[in-house]
Every structure is written in structure tokens, then in C-alpha cells.
Amino acid sequence: MDKLTKLITDIDKLWGAYSTAYFTGIRNTLILAVAATLAGCLIGLLCGVLNTIPCSKQDHPAKRFFLKLLRALIRIYVEVFRGTPMVLQAVFIFYGLPYFTDGAVAFKGMSGIWTASLLVVSINTGAYMAESVRGGIISIDPGQTEGAKAIGMTHVQTMVNVIMPQALRNIIPQIGNNFIINVKDTSVMFVIGFVELFATHRNIVGVNLLYFPSAVIEMVAYLTLTLLASFGLRWLERRLDGDDNYELVSEDSLAMSAGTYSHPNRSPFEEQSREYNKNSLDDEARERIRQELKYGTPKGDR
Amino acid sequence: MENNNIFEIRHLSKAFGSHQVLRDIDFSVEKGDVISIIGASGSGKSTLLRCINLLETPSSGEILFHGQNMAGKGVNAPAYRAKVGMVFQSFNLFNNMTVLENCMVGQIKVMKKDRETARLHALEYLEKVGMSPYINARPRQISGGQKQRVAIARALAMDPEVLLFDEPTSALDPEMVGEVLGVMRSLAREGMTMLVVTHEMAFARDVSSRVVYMNQGVICEQGSPAQVFGNPQQPETREFLARFIDN
């Protein structure tokens, strides 16, 4: 019990002194995770579409060679970036580019660190997403592609209008996965000096050595972020699935107006409106329409 | 080449690996023809139709569409497919769109029509197939027969010169077959050029102008419905028809 009280006081002390720093960390983590996940999705989509361009023996040899080359390059990209730790990729790119270009291309200052972090996390997410998108595309019934081809759509039109919307819906859980992984894994960007939630923790405990209380704050913060993300994505999925109901559209315009017409009949003011309605033709028309609704339209009447 | 032929198919062959599905198919389609292609399962009927629409690449032979060979290299297949409508056994409606959008997307994206024109044109054909009350429904919400009628409207909305039907009623419950065949009958009456792969012998007999009987990848016999059904010349045709009547 003593320990718990101590923990609460410590957390209180930390929060009082560093809440702005923690919030900056949360903000940076969120921005990086959201931006990199979106960029990664775009990279993944592009790879997925390029990867599934049909290639038949009838095609021109140059086109076939180019497509093969493209697929090989995408494959290499996916395997390399999925197969190495992101923390190393960060070091590789952040220090590698200046090393090879004698500092001509370098990530200088705060903006340099942001650029490098975004680049690394995006490329890394893209490698995972490329495979998810590919899976999403091949999970769509080939009949959808045939239906689109049969009305004259090109590969790109088929992808954009028919396959991608369906594939995207199917890979939203994957996108969510990647986003949540990114929220947590952006922490490795501390190696190149990016100050996000975890780096904030390192900085703070470096001063006051309150390792555990700070870690508790971190845990709660990360869990809150990821839970919010989960709920948000579920909501998005439900929205994309749309309503299960649909409205029947009345096929002839008169029947529709007749529907609205009959409405006053059911109102408590019916007697009154009849009384004021001296135009007997209106009543007649109303009666006729009511009969039509009940027994159908006499043939040749219109 | 001055004639009414929309299609002229010459020496068309198709092999999947070492399996020869179509051998040396020759036939032509004139404007207004309603041709029923009948035959046992695996006789190559569907493959023939899919070759005509270039969903399968023919191994050899020519598909002349208004005298132009579509089975060669460097053919603009999408532009050609836009003029040749196809209705599939499994409907293949776009699941991410409503009934109305299904019938509009081709007009907008392929024919570059504006939305309103496309909408009116789509509504016209949806009305024709009796599906206009369901324009806001999604494919998963309607029955098989309704899906197939929408698929027909989608193909018609592209104003094709010819419609290919690949066993359009085979995936339907018996009570839904009638509504689809009804739509096809009325299309035939209006002079639509149609190629129909079917197991519906009554439809083939009553509606088509020509019946083609296929057996093991070749056209075994063809002629008017009266000839093929009334007085089949080939023993295979007789056997096939007898089997069908027995069933």
C-alpha cells in the first residue's frame, strides 16, 4: 500500500513537472505514425497495382521485360525492408546518405530528423502494406475483374473503380494493425534523435531517475493511443460497409405523388379539409389514385 | 469485305497446356442473329465465348470483327470489349456499387459520358429489365435472377453491337430462370444480336435463329432450330438431344 501511494506521488510529481513534454511526445508519435502509415499505404497500393498488371505471352517482349523487372524490384524492396530491423534502417539512411554523398545529402536539424524518420517509417510500412494489398487484391473474386473487363475497362480503370475499393475494405484491419505497430515502433526513431513519446521518457528519467513511475505514464499513454485507434478503425469499417437496408424506388412518378397525396386523408383534419375543398375534381382524382394504388393501373390509361 | 457479318471466326483453336479445348472453329454471326450454342459440359462452349470476348487468348485462328482481326497482337482489347457485351453465369456485378452505379460506371469511365446522361441511359435499361425499383440496392441484397437482370442491363447500357451470354441461367434457382429468359426473349424480338451458351433447350428451340451444337471442341452440327432439333444429322447430336429429352 505504501508503495502504491509512493507511486502515485511520483507520477503526480512527474506529471506536474513534465506534462507538456509528455504531450509533445504523444503529439510527435501520433503525427509520425499517422503520416507514415498513410504514406506507407500509398506505397503499398502503388506496389500492389504495379504487381498485378497482367502479363501475357501475347504482349510485346519489351513490355514483358519491363513488367518482370518491375516485379523483381518490388520483390527486392519488400524483402529487404521487411527483413531488416527498422532501427537499423533508420541508422542506415540517416548516416548512410551523408556518408556516401560527402554530406551533400544530409538530414540537418530538426526538420532533417523529421524527414528521415518519416522516410524510414513510411518505406518500412510500405513494404508490409505492399504484401497486404497484394493479398487484398487476390482475395477479390476474379469474376469482378472479368465483369469490368467485359464492359471495356482497362487494367487501371478496373483497379481504381472495382478492385481497389473492395480490396481496401478487406485490408482495413491490416492498415489498423500497421498503424498500431507504428504508434509503438516509432519509438526506435530515438536512435536518430527523434523525440517522440519514448524518447521523452528517456530524457525525463535521465534527469530524475524515476524510471518506473515514468514507464507507467508511458504505458497508459501508449495504450490509450492504440485503443483509440482500434475504436476509430472499427467505426470506419462499419461506415464503409454501409447500411444493410435500401429503399425501393417507385418506378412511376404518379404513384409517388399519389403516395404523398393520400397522406392528408389519414390526418385528423380530414373532415375539415374536405369541407374547405370545394373542388370535387380533386376528390375524384384522389379516389381514382387510391383505387389505382389498390388494384393497379388500368392498362392504356396513361 | 461488304457483308452483314459482325463476326467471322476462322480456324479458331484454344489449348490449355496440352489439353485442346477448341479445334478449328469456323462460323459467322450476322447482325440480328440469335445463335444458341448447345452441347455437353466440357465441350468448349464457354471457352469459345470467352475467346470471342478475349477473356481467353486464342491459341490460333482469327476472330474478325467487322473484318478486323481481334485475335492478333497489338489489339486494343478494352475498346473492342466495350462493343461486345457479356453476361456471365455468376453475374459478376460489382459488389462495391449499387445497382444503378453498376450500370453507370462503364458509360462514365469507358465511354466518357457525363453522369446525368449515363444515369438516364442506365435507368432506361433497368426499367426494361424490370429492376428500376431496386436501383439503390447492392448486389448482395438482391436475388440471383434480379442480379442477372441487372447484369443484362449493365451490358446493354454500353450499347453493344452484340451480346454474349455465358450460361446466364445455370446458377439460378428454377423459379428465377423464367424472369431472365423473359428478358432475353424480348431482346431477341427487338433484333439484338446474341450469342447464347445455354442448357435451356426450349429457349434455344423457340428463340434462336440458329443453333450450334458443339462436341469435344468442334462444331458438330449447326442449322436452324427446326433442323437441329427436328432432324439432327449427326449421331452425336441425336444422342445429346435424346439424353436431354430423357432428363
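**Talking through the model**

Modeller: Let's start with one side chain. That of A:Asn161 reaches the backbone oxygen of A:Gln157 at 2.9 Å. Keep in mind that this is a predicted model.

Colleague: Which helix does A:Asn161 lie in?

Modeller: A:Asn161 sits in helix H6 of chain A, residues 155–185.

Colleague: Is A:Asn161 buried or exposed?

Modeller: Buried. A:Asn161 has a relative accessible area of 13%. That counts as buried because the cut-off is under 20%.

Colleague: What is A:Asn161 in contact with, leaving aside its neighbours within four places in sequence?

Modeller: A:Met153 from chain A, plus B:Asn96, B:Met97, B:Val105 and B:Lys109 from chain B.

Colleague: On to the interface, then. How many residues does the contact take from each chain?

Modeller: Chain B gives 35 residues and chain A gives 27.

Colleague: And what area is buried between chain B and chain A?

Modeller: About 2600 Å². Carbon and sulfur atoms give 53% of that area.

Colleague: How many salt bridges are there between chain B and chain A?

Modeller: The count there is 1. B:Arg50 pairs with A:Glu146 through their side chains, with N to O at 2.6 Å.

Colleague: Why would those side chains pair up?

Modeller: As a general point, side chains of opposite charge can pair when their charged atoms come close.

Colleague: How many residue pairs are in polar contact across the interface?

Modeller: The rule finds 7 between chain B and chain A, with both residues at pLDDT 80 or more.

Colleague: Which elements of chain B give two or more residues to the side that touches chain A?

Modeller: Helix H2 (77–83), strand E6 (84–87) and helix H3 (99–109) of chain B.

Colleague: What's the make-up of that side of chain B by class?

Modeller: It has 18 nonpolar, 9 polar and 8 charged residues.

Colleague: Let's switch to salt bridges in general. How many does the structure hold over all chains?

Modeller: The total is 14. One of them joins the side chains of A:Asp10 and A:Lys6, at 3.4 Å from N to O.

Colleague: Where do A:Asp10 and A:Lys6 lie?

Modeller: Both are in helix H1 of chain A, residues 2–51. They are 4 residues apart, about one turn of the helix. A:Asp10 is buried, at a relative accessible area of 10%.

Colleague: Is A:Arg75 buried or exposed?

Modeller: Exposed, at 55% relative accessibility. A:Glu79 is partly exposed at 38%. A:Arg82 is partly exposed too, at 33%.

Colleague: Zooming out, what secondary structure does chain A have?

Modeller: It comes to 11 helices and 0 strands.

Colleague: How much of chain A is buried?

Modeller: Of its 302 residues, 36% count as buried.

Colleague: And what share of chain A contacts join residues at least 24 apart?

Modeller: 74%, among contacts between residues at least 6 apart in sequence.

Colleague: Now confidence. What pLDDT does chain A average?

Modeller: The average is 82, and 82% of the residues score at least 70.

Colleague: Which elements of chain A have the lowest and highest mean pLDDT?

Modeller: Helix H9 (residues 253–261) has the lowest, at 39. Helix H5 (residues 142–150) has the highest, at 94. Over residues 251–281 of chain A the pLDDT is below 50. Beyond near neighbours in sequence, that stretch still has 21 contacts in the model.

Colleague: Back to helix H5 of chain A. Is A:Gly143 buried or exposed?

Modeller: A:Gly143 is in that helix. At 8% relative accessibility, A:Gly143 counts as buried.

Colleague: How far is A:Gly143 from A:Thr200?

Modeller: Their C-alpha atoms are separated by 52 Å, and the two residues are 57 apart along the chain.

Definitions and conventions
Residues numbered from 1 in each chain as written. Chains lettered and ligands numbered in written order. Heavy atoms only, no water. Contact = heavy atoms within 4.5 Å. Buried area = accessible area lost by both parts, 1.4 Å probe. Salt bridge = Lys/Arg side-chain N within 4 Å of Asp/Glu carboxyl O. Polar contact = N/O pair within 3.5 Å; in protein donor to acceptor, adjacent residues only side chain to side chain. Nonpolar A, V, L, I, M, F, W, Y, C, P; charged D, E, K, R; others polar. Buried < 20%, exposed > 50% of the residue type's maximum accessible area, 1.4 Å probe, protein only. pLDDT = per-residue confidence, 0-100.
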